[in-house]
Amino acid sequence: MLVVEDEPTIAASVAARLRAEGFRVDVAHDGPSAVARAAEVEPDLVVLDVMLPGFDGLEVCRRLHVRRPVPVLMLTARDAETDLLVGLGVGADDYMTKPFSVRELVARVHALLRRVERAAGPAAEDQPIVLGDLEIDLAQRRVTRRGEQAHLTPLEFDLLLHLAGRPRTVLPREALLAQVWGWSHATGTRTVDSHVKALRRKLGADLIRTVHGVGYALQVSR
């Protein structure tokens with residue numbers, strides 16, 4: 001695991017907690033060294049701060065994914081929706097806004113690794129799910145709409161697949177956090193909102209309906 005954080009105190013605290021969980025952890029403090037270290041150790045997951053010397057975490061994320069896909073949990077002091085969507089757009093799988101609980105960070109790391117393990121498991125034998133002009137290929141984890149392939153992160157794919165399992169049914173944000181993210185004590189529903197916005201941007205704004213104060217429903221016909 002690679003922790004990329006320019007604040008030494010935060011980096012040391014996160015690394016120590018992850019090591020206590022049994023992970024082998026490397027640390028980098030700027031953009032160039034993060035990319036170089038990732039190439040050397042090929043981490044299973046990267047905890048990545050956005051604001052870094054050299055070049056920022058968004059550029060680090062882009063460069064990491066050019067070399068090889070790797071799960072990224074992004075840390076940001078920014079709370080603007082646009083910044084969060086940009087982070088998801090360059091390949092981050094999840095994000096946390098500073099200040100954050102190290103305990104929650106560890107829980108999110110475990111949940112993200114579980115999702116990666118599921119995605120890397122035996123290929124699904126099920127037939128593709130076809131809902132109107134949306135097709136979800138479970139075996140290849142590929143999604144197309146109107147014949148155009150959409151490049152989704154693993155988490156975006158899992159969220160879409162969960163919504164597609166009950167089309168036109170409104171699923172509460174808290175339930176999505178518990179069932180897709182694996183957070184049994186679900187908080188921070190903006191996480192769901194940001195990923196839904198990313199799906200709309202990639203697949204069309206009409207695909208997912210918002211029910212204000214409740215949650216989301218996939219708006220396609222069988």
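Before going on, please note that the model is predicted: local features need pLDDT of at least 70, side-chain atom pairs count only at pLDDT 80 or more, and totals for chains, interfaces and linings use all residues. Residues are numbered from 1 along each chain as its sequence is written, and side-chain values use heavy atoms, with hydrogens and water left out.

Now back to Leu171 and its surroundings. Strand 10 (residues 171-172) is joined to strand 12 (residues 215-218) by two bridges, and the two run antiparallel. Helices (H or I, at least four residues) and strands (E, at least two) are DSSP runs, numbered from the N terminus, and two strands pair if DSSP finds at least two bridges between them. Strand 12 also pairs with strand 11, in the antiparallel sense, over four bridges. Here Arg209 stands opposite Ala217 in strand 12. Strand 11 and strand 12 form a hairpin with three residues between the strands, and in this hairpin Gly213 takes a positive phi near 80°.

Strands of a sheet pair through backbone hydrogen bonds, either parallel or antiparallel. In this sheet four strands follow the order 6-7-8-9, with antiparallel pairing. Strand 6 (129-131) and strand 9 (148-150) are the edge strands, each pairing on one side only. From one strand to the next, the twist averages 20°. Between strand 8 (residues 142-145) and strand 9 there are three bridges, and Val143 stands opposite Ala150 in strand 9. Helix 6 (residues 154-164) packs on the sheet, touching strand 6, strand 7 (134-137) and strand 8; contact means heavy atoms within 4.5 Å. The direction of helix 6 makes about 115° with that of strand 7, where axes are lines fitted to C-alpha atoms, for helices over the stretch in contact, and angles run from 0 to 180 degrees between N-to-C directions.

Asp133 sits in the loop between strand 6 and strand 7, while Arg145 is in strand 8, twelve residues apart. How exposed are they? Buried means under 20% relative accessible area, exposed over 50%, and partly exposed in between (1.4 Å probe, protein chains only). Asp133 is partly exposed, because its relative accessible area is 32%, whereas Arg145 counts as buried, because its value is 7%.

Asp206 and Arg146 also meet in a salt bridge (3.5 Å, N to O). This pair links distant parts of the chain, 60 residues apart: Asp206 in the loop between helix 8 (190-203) and strand 11 (208-211), and Arg146 in the loop between strand 8 and strand 9. Asp133, Arg145, Arg146 and Asp206 are linked in a network of salt bridges.

Finally, a charge can also meet a ring. Arg63 lies over the face of Phe55, at 4.1 Å from the ring centre; a charge sits over a ring if NZ of Lys or CZ of Arg is within 6 Å of the ring centre and within 35 degrees of the ring normal.

Methods. Salt bridge = Lys/Arg side-chain N within 4 Å of Asp/Glu carboxyl O.
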